[in-house]
Amino acid sequence: ECSPEGHRVLRNPYRSTRFDSLELQRTAIQDLVCDHSLPPAWYRFMIGNRPAEMPTRCMNKCGTQAPVWLSLKSESLPVPGESKRLTACATWQVFFGGTKDCCLFRIPIAVRNCGDFFVYLLQPTQGCMGYCAEVNNCIIKVTFSPTSFFRFLLPDKLTRLALQPAITPELVQGRVHLKCTYSRPSSKLPLQYVVVWSRLSTPGTKEQIQHDTTLQPFSYVEMNGVNLRLGDTVFCTVTAFTRDTPEQQSLPEESRGFYAGIKFLPESLQIAEDGKEHVLTILSTVPIACPRHDDSCKVTLQLSTEDLDSALSACRVDLLRAPCSESGCAAAALTVTAVTDFAQDGNRVSRIRAEPVGRRDLLWRAYTPEDVKVTVRDLPTGNCYSFTDPHIITFDGWRYDNYKIGTFLLCQSASRAFEVHVRQWDCG
């Protein structure tokens, strides 16, 4: 197929994805690309004198009524010398100015990679559809000079002691603290520890908030809502040294980042307009303090959505005080459902917002958790089609032609008084 006599060349410039067929439909409809009579064979595309390939994305440009493109999905184009059987899709504009169906028709084709170009095994299409092409993009290869690597040599006495620092939340005298604990080495030497607390101020940048020197295998920092607030990601870095030689310290060891605040599980939701309920769990990673000796050992969150694409099972949830564990210190759950709008309006991104209400302490009053991103996947509504002379596709995808003259019942609702009639006449 790769030899000159093994394939044909399609050179019509109207096949280019840069060409808008609307202009042809207004002025010269006879020039539209219609491949209904294309002989089955191997073909190569050329736009001008430049090699071209079938586009691999949904598009509605090309000099035809229904542009045909190559749908790869999880597949990839064949490597040089290889051939693959793939599927081409025809894009159909549902109605003028409306949405388009990217794959109303599926056409099996084969693709062979000839090294410098591709050839395609094409077959005739239904109606006025056309195989589209686009000019190959240039690939520029840039070679960088090797990077110099430097090895940093450390003094022999600087060693890693496997301190393994970790941060846990804790209530101390009714106030929220974070505790950094670390392993005490088996060495019999009397050790002291330097603990540096820091918070992530901007992505990749840490800000030091506290510096302790202690004999204890732990250190505390208070979340006071000023230098350490809810919503911060906190780290503790520990270094050990002996009392006799404080200038010789072990290598610093840093804990994993601890996020102090409200977490949502999952962190983002992918839901569809199918009526299914999705559970959203709300966790507090810090303990709930009791400012007064009453039932205020809770945090109430007001929930809202920024649009009408998703519905919540509750507008308020209470995070009640509970012993802290690995999963969190308080939890609540609700369900999220996508609103079925019976419109083919594509996938949409919505957000769920949570705001603490009724708390007077600075720690919670000045805190707003990050929104939850909700992607609502649009499910296609039922569509039937009657087009050209005419070809008819029913709601369940059954296809047939009706070439008769007269008035016909095209579709009828089974649940309400609604039906569509069509009238056909001879226009030849």
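Arg353 and Asp371 form a side-chain salt bridge, with an N to O distance of 3.4 Å; a salt bridge is taken as a side-chain nitrogen of Lys or Arg within 4 Å of a carboxyl oxygen of Asp or Glu. Arg353 belongs to strand S25 and Asp371 to the loop between helix H2 (362-365) and S26, so the pair ties together parts 18 residues apart in sequence. Arg353 is partly exposed, at a relative accessible area of 27%, and Asp371 is partly exposed, also with a value of 27%. Here buried denotes under 20% relative accessible area, exposed over 50%, and partly exposed the range in between, with a 1.4 Å probe and protein chains only. Helices (H or I, at least four residues) and strands (E, at least two) are DSSP runs numbered from the N terminus.

The model is predicted: local features require pLDDT of at least 70, side-chain atom pairs count only at pLDDT 80 or more, and totals for chains, interfaces and linings use all residues. Residues are numbered from 1 along each chain as its sequence is written, and side-chain values use heavy atoms, with hydrogens and water left out.

The protein chain contains two helices and 31 strands. Of its 428 residues, 38% count as buried. Among contacts (heavy atoms within 4.5 Å) between residues at least 6 apart in sequence, 61% join residues at least 24 apart.

In total, 12 salt bridges are present in the structure. Side chains of opposite charge can pair when their charged atoms come close. Arg348 is paired with Asp309, the closest N and O atoms lying 3.2 Å apart. This pair links distant parts of the chain, 39 residues apart: Arg348 is in strand S25 (residues 348-357), and Asp309 is in the loop between strand S21 (298-305) and strand S22 (310-312). Both Arg348 and Asp309 are buried. A further salt bridge joins Arg199 to Glu207, with 2.6 Å between the closest N and O atoms. Arg199 counts as buried at 8% relative accessibility, whereas Glu207 is partly exposed at 37%. Arg199 and Glu207 also belong to a network of salt bridges that includes Asp232.

Ser198 is located in strand S12 (residues 191-202) and counts as buried, at 8% relative accessibility. Apart from neighbours within four places in sequence, Ser198 is in contact with Lys206, Glu207, Gln208, Ile209, Thr233, Val234 and Phe235.

Val374 is part of strand S26 (residues 372-377) and is buried, with a relative accessible area of 0%. When residues up to four places away in sequence are not counted, Val374 touches Leu269, Ile271, Arg348, Val349, Ser350 and Ile352. One of these, Arg348, is the residue bridged to Asp309.

Rolling a probe the size of a water molecule over the atoms shows where empty space is left. On a 1 Å grid over the protein atoms alone, a cavity is a set of points where a 1.4 Å probe fits but cannot get out; a pocket is an open set with protein on both sides within 12 Å along at least five of seven lines, and lining residues have an atom within 4 Å of a point. Grid points are joined across faces, edges and corners, and a volume is the space filled by probe spheres set on the points.

The largest pocket holds about 500 Å³ of space. Its lining comprises 18 residues, with Ile167, Gly257, Phe258, Lys263 and Glu326 nearest the centre. Strand S10 (166-172), strand S17 (258-259) and strand S18 (262-265) each give two or more residues to this lining, and S10 supplies the largest share, four residues. By class, the lining has nine nonpolar, six polar and three charged residues; Ala, Val, Leu, Ile, Met, Phe, Trp, Tyr, Cys and Pro count as nonpolar, Asp, Glu, Lys and Arg as charged, and the others, Gly among them, as polar. Domain 2 (166-259) and domain 3 (262-377) each contribute at least three residues to the pocket lining, the domain bounds coming from an automatic or database assignment.

One cavity of 30 Å³ or more is found in the whole structure. The largest cavity has about 40 Å³ of space and is lined by Gln65, Trp92, Gln126, Gly127, Cys128, Met129, Phe387, Thr388 and His391. Four of the lining residues are nonpolar, five are polar and none is charged. The largest cavity lies between domain 1 (8-135) and domain 4 (385-424), because both give residues to its lining.
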